[in-house]
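This report is meant for a reader meeting the structure for the first time. Please keep the sequence and the 3D view at hand while reading.

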Amino acid sequence: MFNWISSKIKSTRAAVPDTPPSTVNVMTSEPPESTTAPTIIPRNQHPISRKNISDNALKVLYRLHKAGYSAYLVGGAVRDLLLDRHPKDFDITTDASPEEVKKLFGNCRLIGRRFRLAHVIYGRDVIEVATFRGAHDEEDQQTSEHGMLLRDNVYGTLAEDAWRRDFRVNALYYNIADFSLVDYTGGLADIHSKELNVIGDPRERFMHDPVRMLRAVRFAAKLGFTIDRHSEEAITSQGHLLKAIAPARLYDEGLKLFLSGNGLRSFELLRHYGLFGTLYPEVDALLNQPESDNHRTLIENAFRNSDARIAADKPVTPAFLHAALLWGVVQQQLHSEQGRYNSPVEALEQIGEQVAGRQQRYTSTPRRFVFQAREIWTMQQRLLRQQQRSAIPLLQNKRFRAAYDFLLLRAESGEPLQPLADWWTALQSADPTAQQQLFANPADNRTPRSRGPRRRKRKPAAVTAPADPSD
Ligand code: ATP
Ligand code: MG
C-alpha cells in the first residue's frame, strides 16, 4: 500500500527543487525556514477519501472553507488514514481565529487559556479546531529554568504550524479546498519507512516539552514504528526532564499510553527507554530488583488482558490497571510490615492507602479510581476468607467483579490461587444445591496444585499468598 507514497513523493519533489523534506537535518538546532515549499500530493495520487473522514469533521471543514478560510485535517487523523487505520479523532486547523470560528458555529465553545482552541460540539462528538500556530522558534519563547515552554500562544502560518508540531508524521495536512495532502517536514517518507522523527533537534524539542518523549513511545507502540536514532539518544539522556511535568498531565499521558489498546507494548518501550520510572517510580524500582519476575508477569498480563478487552470493544477502567501496577509494591510493603497491624485486612487497607498516596505525587489519578483500586486490593482478603454463606452478598458488591477479575489475574500470573479463583467462578453460576456443596468445600489455597483436604482452614490465609505452596 505504500508504493503510491514513495513514487508520488519522488515525482512531486522533483517539481519542488528547493529543500525537499527528506533533506531536513534532524540534528539542526535551527528550525528550517518556514518558507520552504511543501510537497503537495494531489487527490488522485493519495489514498485519503472523504468516505473515511467523519461527517462532523467534514461539516466543519466545508463550512470554514465556504466562509473563505483555509481549513485542513491534521495530525493523527491524516497519519492514521494514510496507514489505513481508524483515527481516534479528527483535528482541524485553520487560519480563522478562534473567535471567527465561534461566529461560524452555534455549537462552538472556546477553551484553553495558554492557547485558545475552538471545540465544535455534535452531541458526544467534539471536533477540535485550532488556529495555525506560529512561534516555531521555541527558543524565543519564555521558558522555565528547565528550558520548558511557558507561553506558546502566537498564531502563525500553515508552514509555521507544521514546523512546530512534534513528529513529522503528525505534521501532514489534508486540504479541504482541493483534497490534496500537504507535507512540509517529510512526514510522508516517514509513513513509508515506519520511522518516527522529531521535527527539528530532538534534544531541544524534548527539553521544551518533555512530554514529547512519552508521545514518541506512545506512537512507536501504537503504530509499530521505530524511533529514529537521534530521538532515541535524546530520550535516553533526557528522560529525567519528565520529573518537572505536573502529575495531572503525566496521568493524562499515562492513560493514553496504557489504555489505548497498546498498553503492553507501551509499558515495554517505556521500560526500555528508562521512562517508566518517571510515571511509576516505586514500581520501576521493584521491577529492577532481582526476582521480580512474578510482579512483572502480573503487570504484563494486566496489560495483555486490557489490550484484548479494548480490541473487543469491552470497557476497561484505569482503576484496575492502577491496582495491578501497584500491587507488587503493596505486597512488598505488606511483607515487611505485616506484624505492625492487627489483622491482614487492616494491613491491606493501611498499606494500600499509603502506596496509592505516594503514587499521587507522580501521576495524579482521579480520586474515584484510587478508591476503586484500594477496594480491589482489600476485597482480595475478603475473597480469601469468605467461602461460606457470607460469600453470597459479596457477589452483589459493586466492586466484586473487578476484585474477582483481579484474583483471576493473580492466579494466572503464578500466585497459588487457582483453586480459590475456580471456587468463586463456580459460585457465580451455582444453583442453591451447588452452592451448599461449595460452602462445604472451600478452596484450600495452601495446596493449590491438588484439591487438598476438604476441610475449612481455621486461620485466615495470609494476604500475600505464599510463593511456595508447601509453606
Ligand atoms: P492520537 O491518535 O493519539 O489522537 P494525535 O497525533 O492526533 O494522536 P493529539 O494529542 O490528538 O495526537 O495531537 C494532535 C496533533 O497536535 C499531533 O498530531 C501533533 O501534530 C500536535 N501536537 C500534540 N501535542 C504536541 C506537542 N506536545 N508538541 C508539538 N505538537 C503537538
Ligand atoms: Mg488526535
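## Surroundings of the ligand

A residue is counted as near a molecule if its C-beta atom, placed from the backbone, lies within 6 Å of it. What follows describes a predicted model, and under that criterion the residues around ligand 1 are Gly75, Gly76, Lys88, Asp89, Asp91, Arg165, Asp166, Asn170, Ala171, Asp209, Val211 and Arg212.

Strands of a sheet pair through backbone hydrogen bonds, and they may do so in a parallel or an antiparallel manner. In this model an open sheet of eight strands, with mixed pairing, has the order 1-8-7-2-3-6-5-4. Strand 1 (39-41) and strand 4 (108-111) stand at the edges with a single partner strand each, so one side of each is left without a neighbour in the sheet. When direction is ignored, neighbouring strands of this sheet are turned against each other by 30° on average.

Within the sheet, strand 2 (residues 71-74) and strand 3 (residues 91-94) run antiparallel and are joined by four bridges. Val74 stands opposite Asp91 in strand 3, and Asp91 is also one of the residues around ligand 1.

## Helix 17 against helix 19

Helix 17 (residues 367-385) packs with helix 19 at an angle of about 70°, their axes being 9 Å apart. Because angles of 65 to 115 degrees count as roughly perpendicular, helix 17 is therefore described as roughly perpendicular to helix 19. Helix 17 passes helix 19 in a right-handed crossing, and the contact is made by Gln372, Ile376, Met379, Gln380 and Leu383 of helix 17 together with Ala402, Ala403, Phe406 and Leu407 of helix 19. The residues of this contact divide into seven nonpolar and two polar, with no charged residue.

## Helix 14 against helix 19

Helix 19 (residues 400-412) also meets helix 14 (residues 293-311), where the two axes come within 9 Å and cross at roughly 125°. Helix 14 and helix 19 are therefore oblique to each other, and helix 14 passes helix 19 in a right-handed crossing. Leu298, Asn301, Ala302 and Asn305 of helix 14 make the contact with Leu409, Arg410 and Glu412 of helix 19. The residues of the contact of helix 14 with helix 19 divide into three nonpolar, two polar and two charged.

Methods. Residues are numbered from 1 along each chain as its sequence is written. Chains are lettered from A and ligands numbered from 1 in the order in which they are written. This is a predicted model: local features need pLDDT of at least 70, side-chain atom pairs count only at pLDDT 80 or more; totals for chains, interfaces and linings use all residues. Axes are lines fitted to C-alpha atoms, for helices over the stretch in contact, and angles run from 0 to 180 degrees between N-to-C directions. Helices (H or I, at least four residues) and strands (E, at least two) are DSSP runs, numbered from the N terminus. Angles under 35 degrees count as roughly parallel, over 145 as roughly antiparallel, 65 to 115 as roughly perpendicular and the rest as oblique. A crossing is left-handed if the near helix is turned anticlockwise from the far one by less than a right angle, and right-handed if clockwise. Two residues are in contact if their C-beta atoms, placed from the backbone, lie within 7 Å. Ala, Val, Leu, Ile, Met, Phe, Trp, Tyr, Cys and Pro count as nonpolar, Asp, Glu, Lys and Arg as charged, and the others, Gly among them, as polar. Two strands pair if DSSP finds at least two bridges between them.
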